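Dear colleague,

I would be grateful if you could read the account alongside the coordinates.

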Amino acid sequence: MKLLTCFVCAFFILSMSPLLSQTNYDESKVPSFEVPDPLTTFKGKKIKSVKKWEKARRPELLHFFENNVYGKIPKTLKIDSYNILEQDDNALNGKAKRKQVELTFKNNGKTLSYTILLYLPKNIAKAAVFLGYNFYGNHTITEDKAVLISSAWANNNESFQIENNTLTEESRGKRTNRWAVEKILEAGYGLATIYYGEVDPDKNDFSDGIHSLLYQQDQSRPKLDEWGSIAAWSWGMVRALDYFEKDPDVDASKVISFGHSRLGKTSLWAAATDKRFAGVISNNSGCGGATMSKRKFGETLAVINDRFPHWFCDNFNEYNENEEALPVDQHQLLALIAPRPLYVASAEEDQWADPRGEFLSAHYATQVYHLYDMEGIETMEMPKVNEPIHNTVSYHIRTGKHDVTDYDWENYIRWANAFVK
Ligand code: GTR
């Protein structure tokens, strides 16, 4: 078995190497390209007002991303029921209210449930909330023993002691470093998190997760223009927002979608598709998230679609090694979030995610914020590390690697205080 695993790994590395060896980390080798204009329609009409943006341009961009990048959701599916599995008004040594709420969905004779872990500040009647997925289960974000362990499929991870694709007690608290729960609560915000594998297991298998509830008869995988996993996870965030509208402890008009890496791609797409999100944070989201595909710096479309064929819709493959043909770029995804506050964050050592591309994307999206008389990333000069630019559109690049740190959270809270709350 070990030999087979080695063989499979070697084959994987060898088959990837031509693409990976082409990875460009040299700014002087970034191709020159025309930045698709958020304010000119596909037919060439100039957009000069909020009205025209909202009526003509925004819908056509959203439509393009839906059909060619993330994939569209075949039909609406509402929460069938929700169940408060557990609640404690004196959690975290009396500092917070904790709730664990299971949402259940039913269709095609199938059922899917996922659990939101909510921590809320005790002294606030209706709290603004950061909502974001976690990678390895709700119980990894805290040492809190009361947090339930998901039975959903999980990626094995040696350092988290996750074996047999099963989450266990061993990994409780392993990811506390990424979740500044105390800081968030002290600042008067709630935190809501969901294990993303409960909505759709992160593997190239479309027989499981939410996809399977929405197939037509005899369908076993999404059509070319239908949702991949990122759109499925985004859908899960949107349904969580539906629940918050029913929860008297949450201010559903002040929910900020947050995500790191693949889940940052997800938080962006969730907020692009649902205007109820009051703000968005993209933490090191990189390729297919905040960064500009046409720069081909670090991870490229061919690489991401090859390694993670289930993340985007199949139509997106058309642009593998063919970024020139894309009539859009990711700054236009960011523009779909306007006029809501947006925070794009990079890390200095995370060149794979192309920090400069993330920065420029925030800059190019800013022109849409100007239509609403809001400020964003006005300059084309990248700020120094650890010198954030805070506006309705904010950006920072911090020292360190691909991760979520206290520094990131401190800045998200400052920005949320100024622009969301
Ligand atoms: C990487 C992938 C990135 C990013 C990251 C993550 O392997 O290439 O696009 O999404 O995973 O989610 O941690």
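In this predicted model, Arg221 has a relative accessible area of 37% and is therefore partly exposed, since that class covers values between 20% and 50%. Asp314, with a relative accessible area of 22%, is likewise partly exposed. The side chains of these two residues, Arg221 and Asp314, form a salt bridge with an N to O distance of 3.2 Å. Arg221 sits in the loop between β5 (189-195) and α5, and Asp314 in the loop between α7 (301-307) and α8 (330-335), so their pairing joins parts that are 93 residues apart in sequence.

A second pair is made by Asp249 and Lys99, whose side chains meet in a salt bridge at 2.9 Å, N to O. Because Asp249 belongs to the loop between α5 (229-244) and β6 (250-260) and Lys99 to strand β2 (residues 96-107), this contact ties together parts 150 residues apart in sequence. Both Asp249 and Lys99 are buried.

Arg295 and Asp354 are both buried.

Salt bridges also connect Arg239, Asp242, Glu245, Asp274 and Arg276 into a network. In total, the structure contains 29 salt bridges.

With kind regards

Note on methods:
Residues numbered from 1 in each chain as written. Predicted model: local features only at pLDDT ≥ 70, side-chain atom pairs only at ≥ 80, totals over all residues. Heavy atoms only, no water. Salt bridge = Lys/Arg side-chain N within 4 Å of Asp/Glu carboxyl O. Helix = DSSP H or I, 4+ residues; strand = E, 2+ residues; numbered from the N terminus. Buried < 20%, exposed > 50% of the residue type's maximum accessible area, 1.4 Å probe, protein only.
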